[in-house]
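The following paragraphs guide the reader through selected parts of a structure. Please have the sequence and the model in view while reading.

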Amino acid sequence: MIRYIRRAAALCLLLLVALLVNAARIQLFQAEALDSNPANRRQAIVRYEQPRGEIVVDGRPVTGSRDSAEQLRYERTYKDGPLYAPVTGYASQTYGTTLVENAEDDVLSGTDPLLAPFPFWSDLSRGRRPGGDAVTTIRAPMQKAAYRGLAGRRGAVAAIEPSSGKILALVSSPSYDPGVLSGTGAPVADAWARLNAAPEQPMLNRAIRQTYPPGSSFKIVTAAAALDAGVVTDIDAPTGAPDPYLLPGTTRVLPNEVPGCGNASLSYAIRWSCNSVMAHLGVRVGLPGMVEAVGRFGFNDTGLRIPSGVAKSNFDTRMSDDQLALSAIGQFDTAATPLQMAMVAAAVANNGEIAQPHLVERTTTAGGLTVRRWGRRTYRQAMQPSTAGRLQRMMVEAVKDGTGANAAIPGARVGGKTGTAQHGLGNTGTPYAWFIAWAQAEGQAQPAVAVAVVVEDASANRADISGGGSAAPIAREVMEEALRLPR
Amino acid sequence: MTASTAGAPPPAPRPTNRRGVELSLLVCAVLISVFGYAAVGLARSDAVPPDVAGYGAGLGMLALVAHLAVRLRAPYADPLLLPIAVLLNGLGLVLIYRLDLETPRDEAAPTQLIWSTLGVALFIAVVLALRDHRVLQRYAYLSMVTALVLMIVPIFFPAVNGAKIWIRIGGFSFQPGEFAKILLAVFFAAYLAASHNALAYTGRKVWRLQLPTGRVLGPIVTIWLLSVVVLVLERDLGTSLLFFGLFVIMLYVATGRTGWIAVGLLLAAVGAFAVGSLEPHVHSRVEDWLDPYASIEAGQGPGQLAQSLFAFAAGGMLGTGLGLGHSILIGFAAKSDFILATAGEELGLVGLTALFLLYALLVARGYRAGLSLRDPFGRLLAIGLASILALQVFVIAGGVTGLIPLTGMAMPFLAQGGSSVVTNWVIIALLIRVSDFARAPVPDAVETGVIAAAVEAER
């Protein structure tokens, strides 16, 4: 019997070994795959176990966290949610993250290895660090002025500090409160469905994710191309553009809204927004020259990040001459994001150089130590400095005594350009009113702000819609706030 | 796995009875449990739970009283059995308390503590009342009948979670099948001890298999078949597997007939296949085992087994620490059948291995007692009881780690479940009794053959 007992004991030993080997298989060799299985909620639970870091505007957090006592514990809250939604985006347990919440998620959620006091700390300690903060470049007064100015109409405002590329305001209207998407359950799902189904698309970030035909505001780009290409050497000399102007190869007449455009100078054409002159100049620069010139401003760039991705602003690279003529005045397939047009104004204001636009100045640990700081860098040289100087003069004149008079600020040098873009089949859609501008306080070495405003106002009288009428006052208010800020 | 002196003649009288070792090990076992309890509190609310002293004192008192009973009536018992049982029971309470924090409306730890107290009380009662395990031999057929009754009764009660293994009277529920396994082990041991020679050496030879006479084999096969049928009717495959394994191991130890084991395994395979493909409850378990992640791919979220595997994986080598895991995601039965997943997640592979080794040690001490004993009944009883523990650990631990299809069964001492805790304490009490007998300095002068013959005569 002893021998059989020993054999039975050996069987028990075998069972023990089988258990241990199997446990090692699961806990060591398959652990990584199982941990990252999307159905495994542990990662989500750990992620929401601590309050998320804050997004800071003007030294004050515009976000917060609420202890929901649910499984995914801390839910995001937003102060002035609709105002800052185009900056912060949302951070939802159900729908993930967007915009800065997404771009700086590693810091905000505490997984960024640089948050740890020592390298490899997080590997050793297995724990998360408290979420760090993302400090944005947004200036609250400008953001509020822009949001107030849009007053719920469909539109967007983007403002940049030309010298540094800091995005000072980024507003999309109508907006939404991203806080309603925080958490889980039916209310969140309902809010999501409602926001997505709303005809006014509140979750669309129009400032960076929507492109609009820029209309006449694009004429600054065409003028820069003509000047850089040497097509125009004297901005006050006649350009030889006929009025009425026939689109090349067709019998269609390109109408002008203002008189006196026949054979007008570039300066006159910018001040009064002559379609014929700018179309003519665009065709004279030619397709390759135009494509190259718009590329220097950032058109057709699919890779611009601020740090969230910015939609591509389009300028067709294959067109006939009549299409090129239309494209040169911001029509046909030309389309730009408001941020892109703010970059156009910034290029003029900053002597032709575009500083890389960015929204996050630095990230810090929860204790306030800097994790990463944004270093200034050049995005592109959009035009020669001399060209920029001449465009500055023309844009100033357009505000002083031209279409952009509504943007004038006493005691400051303001340059601007209006735009009114038709869209829809047979131009039946509500036109977009554009205004791009920059402003320089007296006694300052360089312009403090460049801004682009686009407004779509379905309720307004169609004839009223013009860049000068509805967009320029918003731009002025934003620029006034910028000039008022301590530098 | 067991002592090297096992085959040798009975050891000479020992000068020491090792009760001091047992007491110091008990102190360690209680302290480890108390530390675990405090660690949960520190991890969850940055404070030692206010009742940690009371908890420690309560567990310490239970351990002390049990120790005194052993010291009084089983002074030569194996000094490892009681400390391991106390440690496992204490850790089980810690794990259940820890899971209670996730389900504030369903607190299981206080109930478990009451059951543990009852279990220790029964342990003491058995140690005090049962002076000689051979007495049990007289009640072989009574235990068999009682075991069958206990197994049949739950059929008349409504099924709980797909298995008809519960008796509910008022708010009080227990699993009679748990007690039945001790009774069956007693019956098998007594019966096989009385007739192992007849089983091994008589009978007809059919092909290469020597079959014992029907008169000898008949009753035992009948009992076994009956118990298996009852269990299949109750849809409790785990216990069925346990009884079968117990029967095969004890039969093999008693007779040494490998051929029968082969036939038994073949029958078991056929039976398992038949039940696995015909019985929907069991069939789904087998499907789960074959592909634990199927429900994820089907878009229905992870099933229980997948959640259990996730928990083990999250533990890794060192675990997340007590109170810091998320094994509650397993949901239903997290405190009972799946308690091991919490141990795996929060204590890691290291802690899990330690737990397995504790069980292995318990089983090894049981086998050692079996080897040292001289009477066949005691031997078979010790082997049977130790094998119950070993099989039970393997069936449930293998189930929750995806090694074998999952069958509902309680991890001895760890899992929530009153009947199981009480039964396991009785098992430990019986093992204490036989080990005391095995290690006592003055061997009893009783001839084993006389007892065996007496049982034969009683039939």
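Which residues are buried in helix 13 of chain A? The model under discussion is predicted, and in it the buried residues of this helix are A:Asn275, A:Ser276, A:Val277, A:Met278, A:Ala279, A:His280, A:Leu281, A:Gly282, A:Val283 and A:Val285. Helix 13 of chain A, which spans residues 275-285, is thus mostly covered, with 10 of its 11 residues buried. The cover over these buried residues includes several helices of chain A, among them helix 11 (219-229), helix 12 (266-272), helix 14 (287-297) and helix 15 (321-328). Strand 10 (245-246) and strand 11 (253-254) of chain A also belong to that cover. After helix 13 of chain A comes A:Gly286, which has a positive phi, near 90°.

An unreviewed UniProt entry lists residues 1-23 of chain A as "signal peptide". In the model, this span is 96% helix and 0% strand, and its end C-alpha atoms lie 33 Å apart.

Attention now turns to chain B. Two packed helices are described by the angle between their axes and the distance between the axes. For helix 9 (residues 258-278) and helix 10 (residues 280-290) of chain B, the axes come within 5 Å and cross at roughly 100°. The two helices of chain B, helix 9 and helix 10, are therefore roughly perpendicular to each other. Helix 9 of chain B contributes B:Val275, B:Gly276 and B:Ser277 to the contact, while helix 10 of chain B contributes B:Val282, B:His283 and B:Val286. Classified by residue type, this contact has 3 nonpolar and 3 polar residues, and no charged residues.

Definitions and conventions. Residues are numbered from 1 along each chain as its sequence is written. Chains are lettered from A and ligands numbered from 1 in the order in which they are written. This is a predicted model: local features need pLDDT of at least 70, side-chain atom pairs count only at pLDDT 80 or more; totals for chains, interfaces and linings use all residues. Axes are lines fitted to C-alpha atoms, for helices over the stretch in contact, and angles run from 0 to 180 degrees between N-to-C directions. Helices (H or I, at least four residues) and strands (E, at least two) are DSSP runs, numbered from the N terminus. Angles under 35 degrees count as roughly parallel, over 145 as roughly antiparallel, 65 to 115 as roughly perpendicular and the rest as oblique. Two residues are in contact if their C-beta atoms, placed from the backbone, lie within 7 Å. Ala, Val, Leu, Ile, Met, Phe, Trp, Tyr, Cys and Pro count as nonpolar, Asp, Glu, Lys and Arg as charged, and the others, Gly among them, as polar. A residue is buried if 20 or more other C-beta atoms lie within 10 Å of its own, exposed if 12 or fewer, and partly exposed in between; C-beta atoms are placed from the backbone. UniProt positions are given in the numbering used here, feature names are shortened, and annotations may be inferred rather than shown by experiment.
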